[in-house]
Amino acid sequence: MMKYVMVLPDGAADEPLPQLDGRTPLQVAAIPHMDWVSLHGRLGRAVTVPAGFTAGTDVATLSLFGYEPAKYYTGRAPLEAAAQGLSAGPDELIFRCNFVTVLDGLMKDFTAGHIAQAEADRLIADLNECFAGERLAFHAGVSYRNLMFAGGARDMDLICTPPHDIPSEPVAEYWPRGAGAERIKSIMERSAEMLSEHEVNRARQEEGRDPVTQIWLWGQGRPTKLEPFAARFGCSGAVITGVDLIRGIAVCMGMELIEVPGATGYIDTNYQGKGQAAVRALDQFDLVVVHVEAPDEAAHLGDAAEKIKALERVDEFVVGPLLEAVRRSERWRILVAPDHPTPVSTRAHSAVPPPFCYAGTGIEAVEKQPFCESAAEASSLFLDPGHTLIERFMRGA
Ligand SMILES: [Zn+2]
């Protein structure tokens with residue numbers, strides 16, 4: 001049996017930056033282990049975000065696992081719901097429910113100041129009370145990332161806007177559109193009324209913090225059904241991640257989740273703990289996947305130095321130990337694949353096809369270049385659609 005490793009450094013791909021003398025963070029970072037994979041195997045690019053889709057981690061990661069977004073992507077919220085073990089009824093629509101701060105009609109903060117868990121839990125309870133009898137159920141997640149289930153939504157067909165895509169923009173231009181939009185808009189407006197006099201906000205005001213002004217509903221969808229990964233490739237798999245979205249994809253694929261203390265989904269994550277847990281998991285599972293959110297978060301901050309640091313830590317503490325461990329198996333393969341670029345210059349996701357590299361048993365070195373965007377672009381290996389990458393990695397050459 002072959003042993004497989006996948007490392008997904010979120011948003012790792014980038015563009016040449018003037019402050020890096022025209023190089024990318026991947027080119028500047030010391031990443032000897034990723035380079036080893038690239039130099040000893042294949043290097044190419046994959047279209048992880050098909051035309052017509054938003055460049056989100058949800059769509060791109062489904063592609064990397066071989067699930068064609070056009071067929072399997074139903075929205076972000078259903079995947080996050082799966083991570084919490086929540087499933088929806090046939091007439092229910094699941095929404096991501098952010099706590100946000102809107103000031104003077106502008107989207108000031110899509111996280112409501114990374115709202116404290118105690119505040120969020122309290123407000124979710126109060127929302128459930130406020131909307132009792134209206135076939136709505138609010139579920140607390142982590143901080144500003146919560147969920148709302150709406151019943152009686154069989155005919156809803158909406159276009160909603162992610163609040164992180166409209167920083168400082170007038171929210172009035174981004175209310176939901178489509179069938180059922182009035183109901184969803186009115187829920188958001190009534191949440192603003194409930195919050196205007198709320199105790200949580202009085203306390204925040206005393207502390208000089210901006211208020212939580214309303215909820216913002218988006219990312220809606222109905223549950224997706226993914227064919228189990230094990231059934232497709234005949235191998236057991238485990239996923240290590242700090243974010244609910246990837247946990248949800250793992251649950252939907254039927255893979256095990258391995259929780260690592262200190263895996264925060266942020267730039268301060270426990271890289272060593274993730275690497276060590278992944279190495280241990282190799283004894284038990286045929287495929288071990290490690291997702292690290294940190295490069296993406298650093299890019300959202302517009303911080304090139306932090307992004308380089310994140311890439312170096314992924315290389316040293318995750319790719320390095322895993323490469324060493326997996327090579328002790330008789331037959332093995334390793335894949336390094338960012339889901340999408342998150343250029344530091346724009347601080348937002350991009351749909352440009354990101355580079356990937358893989359190496360191992362039965363794979364010949366072809367490109368013989370270190371791991372970076374421009375070398376991948378020069379390679380003849382260009383996978384469109386990108387959901388075919390997994391088949392190559394698992395079974396091809
Ligand atoms: Zn991502």
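**Salt bridges in the predicted model**

Both R42 and E367 are buried. R42 belongs to strand β2, residues 42-46, while E367 sits in the loop between β14 (355-360) and α14 (373-378), so the bridge ties together parts that are 325 residues apart in sequence.

The structure holds 18 salt bridges. Two further pairs lie within helices.

Take helix α10, residues 244-253. R247 and D244 both lie there, three residues apart, about one turn of the helix. They form a salt bridge, and their closest N and O atoms are 2.9 Å apart. Is R247 buried or exposed? Its relative accessibility is 13%, so R247 counts as buried, because buried means under 20%. D244 has a relative accessible area of 23% and is therefore partly exposed.

Helix α13 spans residues 304-326 and carries the next pair. K309 and E306 are three residues apart in this helix, so about one helical turn separates them. Their side chains meet in a salt bridge, at 3.7 Å from N to O. Here the lysine, K309, is partly exposed at 36% relative accessibility. The glutamate, E306, is buried, with a relative accessible area of 18%.

Salt bridges can also join into a network. Which residues are linked in this way? E119, R204, E207 and R209 are.

Note on methods: Residues are numbered from 1 along each chain as its sequence is written. This is a predicted model: local features need pLDDT of at least 70, side-chain atom pairs count only at pLDDT 80 or more; totals for chains, interfaces and linings use all residues. Side-chain values use heavy atoms; hydrogens and water are left out. A salt bridge is a side-chain nitrogen of Lys or Arg within 4 Å of a carboxyl oxygen of Asp or Glu. Helices (H or I, at least four residues) and strands (E, at least two) are DSSP runs, numbered from the N terminus. Buried means under 20% relative accessible area, exposed over 50%, partly exposed in between (1.4 Å probe, protein chains only).
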